[in-house]
Amino acid sequence: MADSVRCSSCASPAVIDQPYRGAHLCGRHLTASVEERVRREIHRQLPRFSEGTVAVALSGGKDSSVALLLAHRYFGRRPTVRVVAVSVNEGIAGYRDGTLRAARELTERLGVAHVVVRARDELGTTTDLAAEGLPGTVPCSFCGVWRRQLLNRAARREGADALVLGFNLDDLAQTVLMNLVRGDLEHLARMAPHRVRQPGLVPRIAPLALVPEREVYLYARLHGLPFDHGECPHAGRAARNLFRSVVWELEEALPGTRQSLLRTHERLVERLLVDDGAGAPGCCRACGDPSAHELCRACEYLSSVRAAEASPAEAP
Ligand code: SF4
Ligand SMILES: [Zn+2]
Ligand SMILES: [Zn+2]
């Protein structure tokens, strides 16, 4: 950002612009602005929470590292609230080791308990192995589903009352658009933040929901947080890449698009929950986890992996 651009709240040089509200901010006011949005979202998404356990999903990337820092600051002052970080090791060579190292460094710095669950132990497979066994399937489809399942299990074991996710405004806007394009009402209804408690599912909240990715990144840098910049070797095949570009182009042409997508989602969810209970699943017959179908998607993918292992030649 050019030195001549000044903060909209003081005379200091600006470090970032916020085209969606026509403002520029210096580091100090960016910090205040991010922290205020996160504080309000925690308050809104987890009202009147003063006692219990909060699990924070920590990948070791910038978003979840900022989410942990701010959750720790917000809840850590209360002796009646316990904060625990939960990481999943999906088994991705050359990627997960670096992110888990950053996650460990941050939890040690903050003095927060840290639990790591391994896909190999919990599911008997890894993302890398499954990617080999199912070459026609984009790895993110099963990897994301398994990670959600393992995070939920780990949070449940910790007795967590809420699971904090590091999704930022860009992530959520992309997910809303992706589900709208696919006509996937079930997913739209089940997106974080959760409005309805479902048995077996630790309610997820997304305190960074109103903070754009660029601001999260800068906040993490300004506060010296350890986080890993590495990219997953499977990421190139994700459908999300297309939606990332589309949302970015829309945002450039029409600042505020991301916030509009989130508002659209909020309104839709209110109707979906009232109209047909799209957000209220039953239980998976294989693992017992919450599921809208007889088999949850995590178990469906696992059975495909096992079928491919049993007869590799016939695997799709
Ligand atoms: S990019 Fe895809 S495969 Fe890699 S960790 Fe994320 S969800 Fe898993
Ligand atoms: Zn300022
Ligand atoms: Zn299942």
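User: Before we dig in, what are the ground rules for numbering and for the predicted model?
Analyst: Residues are numbered from 1 along each chain as its sequence is written, and chains are lettered from A and ligands numbered from 1 in the order in which they are written. This is a predicted model, where local features need pLDDT of at least 70, side-chain atom pairs count only at pLDDT 80 or more, and totals for chains, interfaces and linings use all residues, while side-chain values use heavy atoms, with hydrogens and water left out.

User: Is cysteine 7 buried or exposed?
Analyst: Cysteine 7 is buried, because its relative accessibility is 6%. The cut-offs are under 20% relative accessible area for buried and over 50% for exposed, with partly exposed in between (1.4 Å probe, protein chains only).

User: Next, the zinc ion (ligand 3). What are its protein donors?
Analyst: Cys284 (SG), Cys287 (SG), Cys296 (SG) and Cys299 (SG), lying 2.3 Å from the zinc ion (ligand 3). The site is tetrahedral, with angles of 106 to 112° among its 4 donor atoms. Along the chain these donors follow the spacing C-x2-C-x8-C-x2-C. Cysteine 287 sits in the loop between strand S8 (282-283) and strand S9 (290-291), and cysteine 299 in helix H12 (residues 297-310), 12 residues apart. Helices (H or I, at least four residues) and strands (E, at least two) are DSSP runs, numbered from the N terminus.

User: Are cysteine 287 and cysteine 299 buried or partly exposed?
Analyst: Cysteine 287 is partly exposed, with a relative accessible area of 27%, whereas cysteine 299 is buried, with a relative accessible area of 12%.

User: Switching topic: what's the strand order in the open sheet?
Analyst: S5-S4-S3-S6-S7, an open sheet of 5 strands with parallel pairing. The edge strands are strand S5 (113-118) and strand S7 (204-205), each pairing on one side only. Two strands pair if DSSP finds at least two bridges between them.

User: How many bridges join S3 to S4?
Analyst: S3 and strand S4 (residues 81-89) pair over 6 bridges, in the parallel sense. Valine 54 stands opposite valine 83 in S4, and threonine 53 faces arginine 82 in S4.

User: And the other pairs?
Analyst: S3 is joined to strand S6 (residues 162-164) by 3 parallel bridges, with alanine 55 partnered by leucine 163 in S6. S4 and S5 run parallel and are joined by 6 bridges, where valine 88 has valine 117 in S5 as its bridge partner. S6 and S7 pair in the parallel sense over 2 bridges, and the partner of valine 164 in S7 is isoleucine 205.

User: How enclosed are S3 and S4?
Analyst: Strand S3 (residues 52-57) has 5 of its 6 residues buried, so it is largely enclosed by the rest of the structure. S4 is mostly covered, with 8 of its 9 residues buried.

User: Which helix makes a β-α-β unit with S3 and S4?
Analyst: Helix H2 (residues 62-76), and that unit is right-handed. S4, helix H3 (residues 96-110) and S5 make a right-handed unit too. Right-handed means that, with the strands pointing away from the viewer, the path from the first strand over the helix to the second runs clockwise.

User: Last one: which residues are around ligand 1?
Analyst: Ile92, Cys140, Cys143, Arg147, Cys232, His234 and Ala235, where being near takes a heavy atom within 4 Å.

Technical notes
Donors are N, O and S atoms within 2.8 Å of the metal (3.2 Å for Na, K and Ca); water is not among the atoms, so sites may look incomplete. Four donors count as tetrahedral if all angles lie between 85 and 135 degrees; four count as square planar and six as octahedral if opposite donors are over 155 degrees apart and all others between 65 and 115; anything else is irregular.
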